Amino acid sequence: MSDWVKVGTRSELLPGEFRVAWDGDTAIAVYNIDGELHAIEDVCTHDGGELAGGPVIGHEVECVRHGARFDLRTGGVTCPPAYEPVAVFPVKEEGGFIWTRDDR
Ligand code: FES
């Protein structure tokens, strides 16, 4: 298990925004949804598309490649063509920063 990686400050991740942090080879997309922070692996399980930057509808992100959707809270698929969930990662706030890590 890796150490926590710094995502940024709250002022750098305002409601409706996202940031991508790297934990080793893992790209983690961290979203601020109405003040709640959620982190998912930034890889669509359908065919490897990046999820960060795709439209966010409520608590769901849509892959721009073929339209699969994932729940940012659980990683679960809410719309095909993906069928496997994306990994979700822990998020914490400490020392004035937001942190996440690949805890697999
Ligand atoms: S790569 Fe994401 S829907 Fe196909």
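Buried means under 20% relative accessible area, exposed over 50%, and partly exposed in between, with a 1.4 Å probe and protein chains only. By that scale Phe18 is partly exposed, with a relative accessible area of 36%.

Two remarks on the source. The model is a predicted one, in which local features need pLDDT of at least 70 and side-chain atom pairs count only at pLDDT 80 or more, while totals for chains, interfaces and linings use all residues. Residues are numbered from 1 along each chain as its sequence is written, and side-chain values use heavy atoms, leaving out hydrogens and water.

I turn to the aromatic pairs. The structure holds two of them, where rings of Phe, Tyr and Trp (its six-membered ring) pair if their centres lie within 6.5 Å; planes under 30 degrees apart count as stacked, over 60 as edge-to-face and the rest as tilted. Phe18 and Tyr31 form a tilted pair, with 5.8 Å centre to centre and 35° between the planes. Phe18 lies in strand S2 and Tyr31 in strand S3 (residues 26-33), so this pair ties together parts that are 13 residues apart in sequence; strands (E, at least two residues) are DSSP runs, numbered from the N terminus. Tyr31 is buried, with a relative accessible area of 1%.

The rings of Phe97 and Trp99 have centres 6.4 Å apart and planes at 75°, so that pair is edge-to-face. Phe97 counts as partly exposed at 28% relative accessibility, and Trp99 as buried at 19%.

Finally, the charged end of Lys6 sits over the ring of Phe97, 4.0 Å from its centre; the criterion is NZ of Lys or CZ of Arg within 6 Å of the ring centre and within 35 degrees of the ring normal.

Definitions and conventions: Helix = DSSP H or I, 4+ residues; strand = E, 2+ residues; numbered from the N terminus.
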